[in-house]
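Keep the sequence and the 3D view side by side. We will walk through the chains in turn.

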Amino acid sequence: MTASTATETGAAIVKLEDVHLSFGQTEVLKGIDLTINKGDAVSIIGPSGSGKSTILRCINALVTPQSGKITVAGTRVDQLTKESERIQLRKRVGIVFQQYNLFPHLTVLDNIVLAPTKILGADRTATVKLARELLEKVRLSEKADAYPGQLSGGQQQRVAIARALAMKPELVLFDEVTSALDPETVGEVLWVIRDLIRDGMTSILVTHEMRFAEEISDTVVFTENGRIVDHGSPQQIFHTTDNPRIRQFVGGLSGGGRGAVRDGEGI
Amino acid sequence: MSMAVTPKTTSTSSRVLRYIGFVAMPLIVIVWSLIDLSLGRELVEWIPYLASGFSMNILITICAVTLGTTAGVTLGLMQLAPFWFVRLPAQIYVQIFRNAPALVLIFATTYIFPFEIVLFGNYLPFPDWVKAVIGLAILSSAYIAEITRGAVLSIPTTQWEATKGLGFSRLQALRYVILPQCVRRSLPPWMNVASSMAMGTSLASLVGVHELMHAATDASTAVRRLDFTIIAYVVVMAAFFTLCYPIARLTRRLEQRFNAG
Amino acid sequence: MQDMNLTGLFIDLMGRLGLNYEFLATGYEAQIWRDGFITTLYLVAVTIPVSLIVGLIFAACLTSGRLWLSAPVRGFVELTRNTPTLVQLMFSFLVLNTVVSNMLGGAQNNPLSPFFWVVAVVGLHVAALHAEAIRGGIEAVPSSMIEAARGMGFSQFEILRYVQIPLAFRASLPAIVNGLISLVKSTTVGNAIAVSEITYASIMVWTQRDNVVELMIVLLAFFSLINFVVARVGSWVERRLAIPGYGL
């Protein structure tokens with residue numbers, strides 16, 4: 001947590017400048033510029049295959065772009081050459097995936113405790129205490145000794161969020177965390193994320209939950225075909241934009257679409 | 001211990017290895033014979049003897065697998081019979097012989113059976129290789145019984161119900177729906193059994209059957225050259241490898257296809 | 001004394017059933033036979049850990065993604081799986097052992113016994129089977145799970161250690177138990193190079209006594225028993241490691 005002193009609230013914690021990335025012949029990112037300030041909640045929306053998830057993976061150094069500058073919490077991510085340096089970065093940036101990916105052979109508590117104790121070398125007693133607090137926060141205290149296979153999708157995803165938070169990250173990336181869930185459990189996960197954002201956690205979300213994005217975001221970014229088409233306040237993107245593509249996309253999804261219905265539930 | 005699995009290199013490297021695998025061993029033998037011609041001449045002289053040995057391995061394999069499959073399928077279906085007096089003997093047989101080492105069974109049949117049998121007053125010789133066939137057939141029948149039982153049990157009962165719903169008779173259902181699925185499922189493990197029986201035939205050399213292993217031992221004692229002993233055993237390994245490796249590859253391909261389908 | 005009486009009772013009882021176990025009352029043959037059982041058990045006890053440790057090393061090589069590690073192991077796995085164990089043993093004993101003897105200046109200096117060669121050949125053969133099973137288990141771990149661990153800052157080794165091996169071991173356990181059962185059976189090939197395991201000892205007895213059927217019954221029971229124990233231990237481990245709610 002040494003770097004956090006360098007980035008005060010309001011200062012840029014993530015900065016992408018002209019990031020280009022392709023997998024083989026496919027160009028996925030075609031020049032992304034994005035600045036995210038500490039304490040902000042940013043939603044990235046846009047059609048499937050527009051490169052949203054890849055942006056998150058770049059920030060977490062899971063993929064390396066061919067060109068462009070990426071600065072995350074004072075680290076030039078694009079200049080990291082060794083896997084060990086990337087690992088150092090990933091310890092400071094939490095990520096939660098669509099497929100929760102809890103370790104099936106460990107209990108809920110051990111899932112949360114494993115990385116801090118084994119990877120960060122944290123004290124086990126203190127970490128267990130932290131893990132229980134986090135489970136309380138995601139409202140799953142009674143499931144500490146259950147195994148992931150015994151939980152619903154929504155419960156597993158909340159554990160995955162607690163697991164990411166146990167690393168005390170400086171920012172958290174959410175990669176379509178509700179897309180794989182049953183409609184009735186989406187709400188409980190969104191609730192947890194909303195709490196987190198209210199507590200001031202810097203969050204970047206790739207999401208299809210338009211209402212949720214509108215409600216919690218400081219900034220909404222619309223991507224299409226590997227480019228950022230527009231970004232601005234939720235009001236701007238969802239209501240006052242002139243861009244026909246965004247209007248079409250936003251209108252198509254929230255006008256009685258599944259996203260709107262799901263969002264209303266459980267909140 | 002790094003786990004950087006880059007699918008592309010693994011698949012090309014494994015494909016290359018696979019092709020090398022088919023020809024590597026015969027290639028070693030040929031190249032070595034050409035480098036050291038005196039060795040090559042010696043080998044060429046012994047090749048017919050070794051080949052006659054190997055034909056015995058193939059004969060034993062075919063007979064044992066045929067016998068074992070017939071008995072094994074019967075035993076496997078018996079294990080599923082509704083009557084305990086049919087089920088129980090089959091279960092006991094399978095449990096005992098599935099756990100028995102092939103060598104023990106070959107010893108058993110070789111030393112327990114007489115060297116000739118009386119049939120309608122005629123004395124018929126009962127050669128050792130037939131005893132080896134019976135020993136291996138007992139083993140393979142126990143394996144195949146388990147495969148058969150597993151295959152039938154793996155067909156979901158809904159399949160039976162579906163055929164009933166479509167108006168199939170029980171026999172028609174078995175013929176057109178159930179058995180084809182059983183065959184599909186049991187083909188890869190059956191091929192594994194066949195391949196391990198083929199390798200098991202080498203054990204017959206220990207009871208004096210003139211097969212490849214036995215022939216190689218004869219040859220190396222006659223020639224008395226370390227390099228010839230090496231190449232003779234490489235030939236033995238190459239022969240078994242050329243027989244079993246394609247079966248193994250085909251089995252894996254079938255397994256992958258069935259798993260995908 | 002008690003023991004002798006029991007043996008006598010057994011021989012008597014079996015004699016009435018028409019089975020000849022009289023050799024058990026003699027000192028020498030009974031001793032050979034007992035030693036045969038002990039040798040087989042010893043062989044099994046030594047070879048099992050060898051196969052497991054080497055199998056894990058082989059699996060690590062196969063999944064390393066490095067050609068210079070995976071290719072030789074892959075080659076060995078294919079060779080050992082597709083040639084008879086007996087031929088491998090004879091080759092090792094007649095060729096490799098002779099080479100070692102020549103290098104050390106004569107057979108009298110060669111510390112490698114037939115027992116060693118059986119452990120080495122059978123152990124490595126079964127290790128190859130284990131390696132294939134474990135490799136399958138490692139590759140069955142979903143890539144999204146590995147990415148999640150990477151995203152949390154796990155190194156490649158930590159992913160292997162905390163995620164892939166625990167899951168792969170559970171997934172491959174039934175196959176490993178099968179491998180161990182075939183290991184138990186394969187130890188009988190020691191017979192070919194005069195390792196006095198149980199089949200070798202039995203031949204010594206029945207050539208004297210002509211009681212093949214009697215010895216066979218005991219042999220089959222003996223191997224059934226060892227394999228029953230191996231299978232039981234295997235399913236006990238499987239139950240101990242079973243994860244609630246996670247079907248494999």
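Over residues 190-210 of chain B, what percentage of the chain is helix, and how far apart are the end C-alpha atoms? The span is 52% helix and 0% strand. Its end C-alpha atoms lie 27 Å apart. Keep in mind that this is a predicted model.

An unreviewed UniProt entry marks residues 190-210 as a transmembrane region. Take residues 102-123. Here the chain is 50% helix, and 27% is strand. The end C-alpha atoms of this span are 29 Å apart.

Now turn to chain C. Its UniProt entry, also unreviewed, places transmembrane regions at residues 41-65, 86-104, 116-138 and 212-231. Two of these spans are worth a look. Residues 116-138 of chain C are 100% helix and 0% strand. Their end C-alpha atoms are 31 Å apart. Residues 212-231 of chain C are likewise 100% helix, with 0% strand. There the end C-alpha atoms lie 28 Å apart.

Next, see how chain C meets chain B. On the chain C side, 41 residues are in contact with 37 residues of chain B. Which elements of chain C supply at least two residues each to this side? They are α3 (67-81), α4 (85-103), α7, α8 (198-209) and α9 (212-241). Helix α9 of chain C gives the most, with 8 residues. By residue class, the side of chain C that touches chain B holds 23 nonpolar, 14 polar and 4 charged residues.

Chain C also touches chain A. Here 20 residues of chain C are in contact with 21 residues of chain A. Two or more residues come from each of α6 (143-151) and α7 (156-186) of chain C. This side of chain C divides into 11 nonpolar, 5 polar and 4 charged residues.

Finish in chain A, with a sheet. It is open and has 4 strands, in the order β2-β1-β4-β5, with antiparallel pairing. Which strands of chain A form the edges? They are β2 (26-37) and β5 (75-76), and each pairs on one side only. Further in, look at β1 (residues 12-23) and β4 (residues 67-72) of chain A. These strands pair in the antiparallel sense over 5 bridges.

Methods. Residues are numbered from 1 along each chain as its sequence is written. Chains are lettered from A and ligands numbered from 1 in the order in which they are written. This is a predicted model: local features need pLDDT of at least 70, side-chain atom pairs count only at pLDDT 80 or more; totals for chains, interfaces and linings use all residues. Two strands pair if DSSP finds at least two bridges between them. UniProt positions are given in the numbering used here, feature names are shortened, and annotations may be inferred rather than shown by experiment. Two residues are in contact if their C-beta atoms, placed from the backbone, lie within 7 Å. Ala, Val, Leu, Ile, Met, Phe, Trp, Tyr, Cys and Pro count as nonpolar, Asp, Glu, Lys and Arg as charged, and the others, Gly among them, as polar.
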